Amino acid sequence: MAALTFAERLRLARYAARRGWARTTRRVRISRWYRWRYMGDGSDRLSIAPQDLRTADPTQSAEIYAGRFAFAGHVVSVSGRSIFEMAGPSAEWTAVLHGFGWLRHLRAADSGITRTHAQALVAEWIQLARWDPVATEPEIVARRVISWITHSPLILADAEPDFYRRFMRSLGAQIRYLRSVWGKARDGVPRLLVGVALAYATLCAVGQERHQKGVARLLSRELDRQILADGGHLSRNPDVLIDLLLDFLPLRQTYASRAVETPPALLNAIDRMMPMMRFFRHGDGTFAAFNGMGPTRPDLLATILAYDDARGRPPSNASHSGYQRLEAGQSVVVADTGKAPPVGVSQDAHAGCLAFEFSSERSRIVVNCGVPAAGRAAWRDLARASAAHSTLVLDDTSSARFADAGRLRELVGTPIIAGPEAVTVTRDEKAMSVTARHDGYGARFGLLHERELVLGADGLVLAGTDRLIADKTARRPAAAKTVAIRFHIHPQVKVSRLDDGHRVLLVPQTGPTWVFAADQPVQIEESVFLSGPHGPRRTDQIVITGAAAEGLEVTWMFEAQV
């Protein structure tokens, strides 16, 4: 990656300073001399246990009982030690362990052995890991508080009075800790998760009721800021909608069960998010892979959609989230037409501006590479690059710049520190077309990328045009040498190049055969589809290459053979 500009370095330094101050504050708050503040919070029992909507697998309880903890693509065996004394194989695995979401599998088994084992594991955590630096990350504490409250019938069933007191004392300390660090939690989902955990505490823990109004006020402020007007999330990650609704829906029910007024912001957020769930769906029910979206979890998606009373058609213009949808016949096109998200919520964002996905009936044709369900660190840089998306790429560089923070990487990660800022979108409902332009390459190469997508009224033709236009605002840009327009093809589609060199035959498993044609020669290259339900899979991509130049225009078309 090229050296950072002064503005990019300044943006990274400011973000690092904020994150560093937040981490220092949290470490002070878990230091020995500060911990006394979290004792004696007045919670002596739980009055209600909310529902857990996430799918449970009772067979996993046997693995946990046998000392094998399989999380995030890794398996760790305890070998006679406590699992909380062992180093995790990955950050994802460690986060799942300390979040205690796996209690749902023990609860699903519903036996005296699993109840006793759950109590033993919670007791081990209280004794060994409660002030561990990883376990005290706000989002992990929040997930653990939610899990403990939700699965308290499992943890506290037939519990001895001493364990009950220790459990409530630890839970109260964690709740009080969350109140003290809420503002220091990472922006985005982690901060919302802290709000959800505290809202559960005020509704379910006796003695926490006095905090209901204050927590509801702060949670509402975050909901209004993070859930956009069209129902998308500030991070622009479709997967976030699923995870958040799995927490929001039970929280809404808990407010109703306790006869406490539900914050209007929560009700409004849910109402806005439900249509966006349908916005990102293809004909086969999977989500389009943009900005950190991994494999679609059909069980969770079905659970959420069962709560959607309206069940109307999805919106077509999600301008606040930066997406457009074209739908005709049995074809669906979803395109990324948005700016890069704010630095603080861009850890999973991709450089996929003007990328699109295309499906016909129950077959996905054009996709983005996406991200895998587990082991994301190994694929992170590749998955986020523009070349991993079905869009135009200049000089094999990305349209957004990711922070390469060196020794600061552990602190700040790899957020987007520069990306498309001026993205213009024109939509013609009558012509079923979208034309969008972005300046992600403007400062570096003095060129704007414009893409026009037109879906036929019967859904049997998708026509596109890609253009390079001079950016009049660029100062002393470098000269781009090459352009590549990439169309990543789903692995279940057979791809073969036809003899004229300008056309490609696409044969999906179901639905009509398609022919891709372009006014430039096309090549077939290898690609990888990361968002498959069974892990990464080899696939193909159609690539149009040439010399980059102002005024370049390439037209192409997908046409069904019926």
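Visitor: What share of the contacts in the protein with a separation of 6 or more comes from residues 24 or more positions apart?
Guide: This is a predicted model. Take its contacts with a separation of 6 or more. Residues 24 or more positions apart account for a share of 69%.

Visitor: How many helices and strands are there in the protein?
Guide: The protein contains both kinds of element. The count is 16 helices and 21 strands.

Visitor: What is the radius of gyration of the protein, and what does the globule rule give for 562 residues?
Guide: The C-alpha trace spans about 80 × 50 × 50 Å along its principal axes. For 562 residues the globule rule gives 24 Å. The protein comes close to that, so it is as compact as a globular protein of that length. Its radius of gyration is 25 Å.

Visitor: What percentage of the 562 residues is buried?
Guide: Buried means under 20% relative accessible area. Among the 562 residues, those that are buried make up 56%.

Visitor: Is D187 buried or exposed?
Guide: D187 lies in the loop between α8 (161-181) and α9 (189-204). Its relative accessibility is 18%. The cut-off for burial is under 20%. Therefore D187 counts as buried.

Visitor: Which side chain makes a polar contact with that of D187?
Guide: Leave out residues up to four places away in sequence. D187 then touches E222, R225, Q226, G344 and V345. A polar contact of 2.4 Å joins the side chain of D187 to that of R225.

Visitor: How many disulfides does the structure hold?
Guide: A disulfide is a covalent bond between the sulfur atoms of two cysteines. C353 is in no disulfide. The sulfur of C369 is too far from its closest cysteine sulfur, in C353, for a bond, because the two are 17 Å apart. The number of disulfides in the structure is zero.

Visitor: What are the relative accessible areas of C353 and C369?
Guide: Both cysteines are buried. C353 has a relative accessible area of 5%. For C369 the value is 3%.

Visitor: Which are the edge strands of the eight-stranded open sheet?
Guide: The order is β11-β12-β13-β14-β21-β18-β17-β16, with antiparallel pairing. Neighbouring strands are turned by 15° against each other on average, direction ignored. An edge strand here pairs on one side only. That gives β11 (423-428) and β16 (494-497).

Visitor: Which residue in β14 stands opposite L453?
Guide: Strand β13 covers residues 447-455, and strand β14 covers residues 461-470. They pair in the antiparallel sense over nine bridges. Opposite L453 stands G464.

Visitor: Which residues of strand β17 are on the covered face?
Guide: Strand β17 is made of residues 503-507. Its uncovered face has R503, L505 and V507. The covered face has V504 and L506.

Visitor: What is the bridge partner of R497 in β17?
Guide: β16 and β17 run antiparallel and are joined by four bridges. They form a hairpin with five residues between them. In the turn, G501 has a positive phi of about 80°. The bridge partner of R497 is V504.

Visitor: What is the bridge partner of R503 in β18?
Guide: β17 also runs antiparallel to strand β18 (residues 513-518), with four bridges joining them. This hairpin has five residues between its strands, and G511 in the turn has a positive phi of about 85°. The bridge partner of R503 is A517.

Note on methods
Residues numbered from 1 in each chain as written. Predicted model: local features only at pLDDT ≥ 70, side-chain atom pairs only at ≥ 80, totals over all residues. Heavy atoms only, no water. Helix = DSSP H or I, 4+ residues; strand = E, 2+ residues; numbered from the N terminus. Buried < 20%, exposed > 50% of the residue type's maximum accessible area, 1.4 Å probe, protein only. Polar contact = N/O pair within 3.5 Å; in protein donor to acceptor, adjacent residues only side chain to side chain. Contact = heavy atoms within 4.5 Å. Disulfide = S-S within 2.5 Å. Pairing = 2+ DSSP bridges. Axes fitted to C-alpha atoms, helices over the stretch in contact; angles between N-to-C directions. Rg over C-alpha atoms; globule rule 2.2 N^0.38 Å.
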